[in-house]
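Trainee: I would like to go through this structure with you, one question at a time.
Mentor: Good. Have it open and ask away.

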Amino acid sequence: MSERIGMEIALAAAEAVALCKPDVIAAYPITPNTHIPEHLSDIVAEGRLDADFICVESEHSALSACCGASGAGARAFTATSSQGLLYMAEIVPIVPSMRLPIVMAIGNRAVSGPINIWNDHSDIMSQRDSGWISMFAADGQETIDMMIQAFKIAEHRDVMLPVNVNLDGFQLTHVVEPMMMPSQKEVDRFLPAYKPYAAVHPDNIVSMGALGMPEIFNEAMMAKDDALINSKKIILEVWKEWEDQFGRKYEPIGAYRMEGAEVALLTMGSMGDTAEVAIDELREKGVKAGLLKMKLWRPFPTEELLKAVSGLKSLAVIDRAVSFGGPSGPVCSEVKSALYDKKERPLITNYIIGLGGRDVLVADFVKIVEKAIGAQKKKPAKAYEIYGVRGS
Amino acid sequence: MEKEKKWPETWQELNPGCMVFKPGSTRDYHTGTWRASRPICDTSRCIKCGVCYIFCPEGCISQDADGYFMADLDYCKGCGICAHECWPGAIKMVEEG
């Protein structure tokens, strides 16, 4: 039976990973990392988890070590944040290219400079096109659940891709919440032992990560893209299995009070919970407002998005990162691109909010919804607004 | 016997992750085609010391029947390290073409 716990979410994420019995955990243990690897090293040291914890000298080495371990048939896990993910960047796209089912937790934090250790999504956005399955947790419970789901999705024979689970730095990683922690028995039932497609071993002849000449590269990239797009089918299957076993529902884009909604917010990560309160306030005032919470970022859930926005007059896309010099925030650019071919689509406005740990309040979302309604009458001059900037 | 295909004809034929299940597959990559200049060994000056063999980063130099060290031009990329290291001055780099 699952147990009701009150725990810091980073520690709970580590406990959830431990329930998945990884063979190898490699992580660079200090800033900008979170308590996730620190707590996992405690769990290993206490003898509760039989895993090799490799305390490497950098994030580049952390993911490299996971690559080696995964290639040898081990279940491998790492965690990072911010500059750490950027330091890892050389290895990040190689993992899906090699089809290694590594799971990584990313405690999303701003990319410096100025130097900043607080939350936003600029770290993962820099790795958006690397080929990983990428999901966003809105709270502690989703963090625990996604950690466990991630291994099953990644290791599925029809997927064989790495998964990163994004949880907002500080807003989630450092916050204590009540959560349901599945038991070892429940996780064992949900997650079968890892059976690698191939593993480097003296008895097996296999080379991984070989040279790909120009004659093969287009085909290799096509195969990589195809694998990621096709993974959605399995993601949905695994989420259904999760719902059947644990009773908690997961979908690529969650809907909150979308019945009859004319205006909606679209958020990723922990902002969703704050936005829910704003939607409640607006509904009380009679505003037909709803909320879309994007949980699956890659593969991009185009189909689900089209369905979710149908009937909407105005959609305010919330970004927590800047695509400097780009047409809009990273999430909004994708949303717009996905809706371009649709004849009837809502007016789309884009608000970039909560950068580098700036507080995001219920009142901010109320104001943004009001702006999105106003935009129907008078279109804003700019395609996006960095919200709450003093002097603007 | 049917000749093995050098490249898969379609992307669907690729192994997952481009894994290679055949040992020694890089032998098929004749990297010598990238070469701009080739090492020519003057056997009258060669003392068969093997320093070129030791320094060749490609590992493409081996001893022939007479004991001279010669580059396999299928794989020699023409970097010139052998010529640089050859202290008796037997190896010279000559432009291709």
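**Contacts, sheets and helices**

Mentor: We start where the chains meet: in this predicted model, 20 residues of chain A are in contact with 13 residues of chain B.

Trainee: Which element gives the most to the side of chain A that touches chain B?
Mentor: Look at the classes on that side of chain A. There are 14 nonpolar, 3 polar and 3 charged residues. The element that gives the most supplies 6 residues, and that element is α9(A).

Trainee: How far apart do the C-alpha centres of domain 1 and domain 2 of chain A lie?
Mentor: Take the bounds. The domain assignment puts domain 1 of chain A at 3-246 and domain 2 of chain A at 253-386. Their C-alpha centres lie apart by 28 Å.

Trainee: How many residues does each domain of chain A bring to the contact between them?
Mentor: Count each side on its own. Domain 2 of chain A brings 19 residues, and domain 1 of chain A brings 27 residues.

Trainee: Which element gives the most to the side of domain 1 of chain A that touches domain 2 of chain A?
Mentor: Four elements of chain A each supply at least two residues there: α6 (122-125), β6 (133-136), β7 (163-168) and α9 (214-246). By class, that side has 13 nonpolar, 9 polar and 5 charged residues. The top giver supplies 5 residues, and the name is α9(A).

Trainee: Now the sheet of 7 strands in chain A. Which are its edge strands?
Mentor: Read the order: β3-β2-β4-β5-β7-β6-β12, an open sheet with mixed pairing. Neighbouring strands are turned by 20° against each other on average, direction ignored. An edge strand pairs on one side only, and that picks out β3 (52-55) and β12 (296-298) of chain A.

Trainee: What angle does helix α7 of chain A make with β7(A)?
Mentor: Helix α7 (residues 140-155) of chain A packs on the sheet and touches β5, β6 and β7 of chain A. Compare its direction with that of β7(A): the angle is about 170°.

Trainee: What span should helix α3 of chain A have?
Mentor: Helix α3 (residues 59-71) of chain A has 13 residues. The expected span uses one less than that number, at 1.5 Å each.

Trainee: Against which elements do the buried residues of α3(A) pack?
Mentor: The buried residues include Ala62(A), Leu63(A), Cys66(A) and Ala69(A). They pack against β2 (24-27), β3, β4, α4 (82-88) and α5 (94-97) of chain A.

Trainee: Which residue just after α3(A) takes a positive phi?
Mentor: Step past the end of the helix. The phi there is about 100°, and the residue is Gly73(A).

Trainee: Why is one side of β9 and of β15 of chain A left without a neighbour in the sheet?
Mentor: This open sheet has 6 strands in the order β9-β11-β10-β13-β14-β15 (chain A). β9 (253-256) and β15 (385-386) stand at the edges, so each has a single partner strand.

Trainee: Which residue of β11(A) stands opposite Val263(A)?
Mentor: Strand β10 (residues 263-268) and strand β11 (residues 289-294) of chain A pair in the parallel sense over 6 bridges. Opposite Val263(A) stands Ala289(A).

Trainee: Where does Pro114(A) lie?
Mentor: Start with its bond. A cis peptide bond joins Gly113(A) and Pro114(A), with omega about 5°. Pro114(A) is in the loop between β5 and α6 of chain A.

Trainee: What is omega for the cis peptide bond between Arg298(A) and Pro299(A)?
Mentor: Pro299(A) lies in the loop between β12 and α11 of chain A. Its cis bond to Arg298(A) has an omega of about -5°.

Trainee: Why does Lys21(A) count as partly exposed?
Mentor: Lys21(A) lies in the loop between α1 (9-19) and β2 of chain A. Its phi is positive, about 50°, although it is not a glycine. Buried needs 20 or more C-beta neighbours within 10 Å, and exposed needs 12 or fewer. Lys21(A) counts as partly exposed because its number of C-beta neighbours inside 10 Å is 17.

Terms used. Residues numbered from 1 in each chain as written. Chains lettered and ligands numbered in written order. Predicted model: local features only at pLDDT ≥ 70, side-chain atom pairs only at ≥ 80, totals over all residues. Domains from an automatic or database assignment. Contact = placed C-beta atoms within 7 Å. Nonpolar A, V, L, I, M, F, W, Y, C, P; charged D, E, K, R; others polar. Pairing = 2+ DSSP bridges. Axes fitted to C-alpha atoms, helices over the stretch in contact; angles between N-to-C directions.
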